[in-house]
Amino acid sequence: MAKRSQTTELGCIACEELSQVGAGKEGWLVDDPNLLCALDTHALALANRSLILVLGWSDSDGHRIKIVPDLSPIEAEHITAIEWLVFDEIRVVVAGTSCGYLLIYSLGGHLIHKQLIYPGRILKIRVRGTKRDLTQDASSEESMLHRWFQETHTQFWDQKPKKRDLEAPETPYGRLPFQLWNVSKYGSCADAAITGTMPPPLMELQSSQRYYCAVTIGEDAVISAFRLSEDKSRSLVGAILSKVVPATFSTIASFSKLIWRSEQTSPRKSDVKPQPFARASPLTCLKDHPRKGEKLTLSPSGTLAAITDSLGRILLLDTQALVVVRLWKGYRDACCLFMEMLVNRDTTAPSSSYYEPVKSDYCLCLAIHAPRKGIIEIWQMRTGPRLRIIQCVKGAKILQPTYRFGSSMTSPYVPLEVFLLNGDSGQISVLNRTLN
């Protein structure tokens with residue numbers, strides 16, 4: 001009996017345009033620190049220092065788009081972060097730059113929004129949301145994108161979009177509200193995430209502040225945790241809390257310069273006055289020289305974080321108790337992503353009846369890509385066994401689609417999946433979520 005495949009091929013992104021981001025060289029996908037990747041369900045965005053390439057791989061969405069942002073040559077400005085932002089039928093690409101600008105582009109390559117966040121490098125963009133955020137008011141990003149969508153789709157087919165002054169203090173569709181915190185107390189940060197809300201300090205139960213927990217990793221402290229506070233009376237998250245930290249907060253507040261800044265970076269002069277920092281109170285930190293924190297991956301609920309370090313270890317952190325609950329060793333250069341699998345599902349139902357799995361059928365797992373071993377391992381959370389080992393070629397990369405807002409309440413549950421991109425062939429596959 002033939003062995004069943006553990007991945008399913010979806011398509012291929014191989015094309016001539018890939019050479020513009022370094023394809024054709026051995027290890028181009030994983031060895032270039034300036035190459036950034038962001039995945040949507042049917043398209044991949046690749047970016048180097050000055051170019052964004054959007055490639056579709058499905059038959060219905062096999063488009064190719066080249067975006068060349070207008071960057072400052074005087075400041076040697078370059079692209080430092082990239083992500084998708086998806087609301088129903090609206091899909092846009094979000095980029096961050098070394099000068100602290102947030103850029104939002106349409107899939108036609110047009111600049112929708114440009115805004116200075118903080119005069120320093122944006123390290124990462126995170127998008128998070130809840131699965132059932134449908135009855136709440138629209139976030140600031142969603143409202144802005146809907147205004148842009150309505151305006152562009154009321155134009156005639158041959159009418160070019162209006163050219164606007166995006167350098168003006170107020171952009172055409174309004175400025176996005178955001179909050180800044182400085183969490184550099186324990187040194188510079190390599191990665192960070194806001195895990196969710198947290199209760200106020202013991203003596204501040206009637207406080208006018210809202211509180212969030214942030215976890216950071218870096219060179220001086222492998223793991224640090226902070227309580228972030230924000231004034232309720234002028235909070236940008238009035239509608240955000242009702243959606244349990246979705247796009248507005250985690251898309252905007254999880255940028256590196258919205259959470260932390262490196263003390264070695266000197267702010268450049270700008271026409272826009274930087275927003276003052278809100279209070280960030282340190283909770284705990286783990287220092288273990290010479291170990292350094294490298295990458296941080298957050299579970300969908302924000303209650304678990306997988307952290308890789310420079311000594312080849314992977315730490316599973318309970319972000320509510322701020323305790324390491326599991327440790328793996330011998331995984332240098334590893335990459336981790338959370339996923340959901342069908343484990344121990346009841347199969348007693350008649351084979352003739354069609355069954356659509358629901359959320360409770362899935363089990364949270366952690367996919368660990370160990371490039372030096374040439375394998376992907378899938379471990380059941382929190383303390384479960386290793387469920388699967390998948391062989392993968394050298395130069396491959398695991399990716400995960402960004403969160404999509406606006407799913408229908410009646411639509412089938414879409415589990416968290418992990419995709420595998422083969423840098424040599426351009427083939428994209430998805431890891432099978434059924435345990436054979």
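This is a predicted model: local features need pLDDT of at least 70, side-chain atom pairs count only at pLDDT 80 or more; totals for chains, interfaces and linings use all residues.

Colleague: How many bridges join β14 to β15, and which way do the strands run?

Modeller: Five bridges join them, and they run antiparallel. Strand β14 covers residues 293–298 and strand β15 covers residues 304–309.

Colleague: Which residue in β15 stands opposite L296?

Modeller: That is I307.

Colleague: What sheet do these strands belong to?

Modeller: An open sheet of four strands, ordered β14-β15-β16-β17, with antiparallel pairing. β14 and β17 (323–328) are the edge strands, each pairing on one side only. From one strand to the next, the twist averages 25°.

Colleague: And β16 with β17, how many bridges there?

Modeller: Five bridges, in the antiparallel sense, with β16 made up of residues 314–318. Within that pairing, L317 has V324 in β17 as its bridge partner.

Colleague: Changing topic. Where does N432 lie?

Modeller: In the segment after β25, which spans 427–431.

Colleague: Is N432 buried or exposed?

Modeller: N432 is buried, because its relative accessible area is 18% and the cut-off for buried is under 20%.

Colleague: What does its side chain join up with in a polar contact?

Modeller: The side chain of T8, at 2.6 Å.

Colleague: Which residues is N432 in contact with, leaving aside neighbours within four places in sequence?

Modeller: S5, Q6, T7 and T8, along with M341 and R388.

Terms used:
Residues are numbered from 1 along each chain as its sequence is written. Side-chain values use heavy atoms; hydrogens and water are left out. Two strands pair if DSSP finds at least two bridges between them. Helices (H or I, at least four residues) and strands (E, at least two) are DSSP runs, numbered from the N terminus. Axes are lines fitted to C-alpha atoms, for helices over the stretch in contact, and angles run from 0 to 180 degrees between N-to-C directions. Buried means under 20% relative accessible area, exposed over 50%, partly exposed in between (1.4 Å probe, protein chains only). A polar contact is a pair of N or O atoms within 3.5 Å; within protein, one must be able to donate a hydrogen and the other to accept it, and residues adjacent in sequence count only if both atoms are side-chain atoms. Contact means heavy atoms within 4.5 Å.
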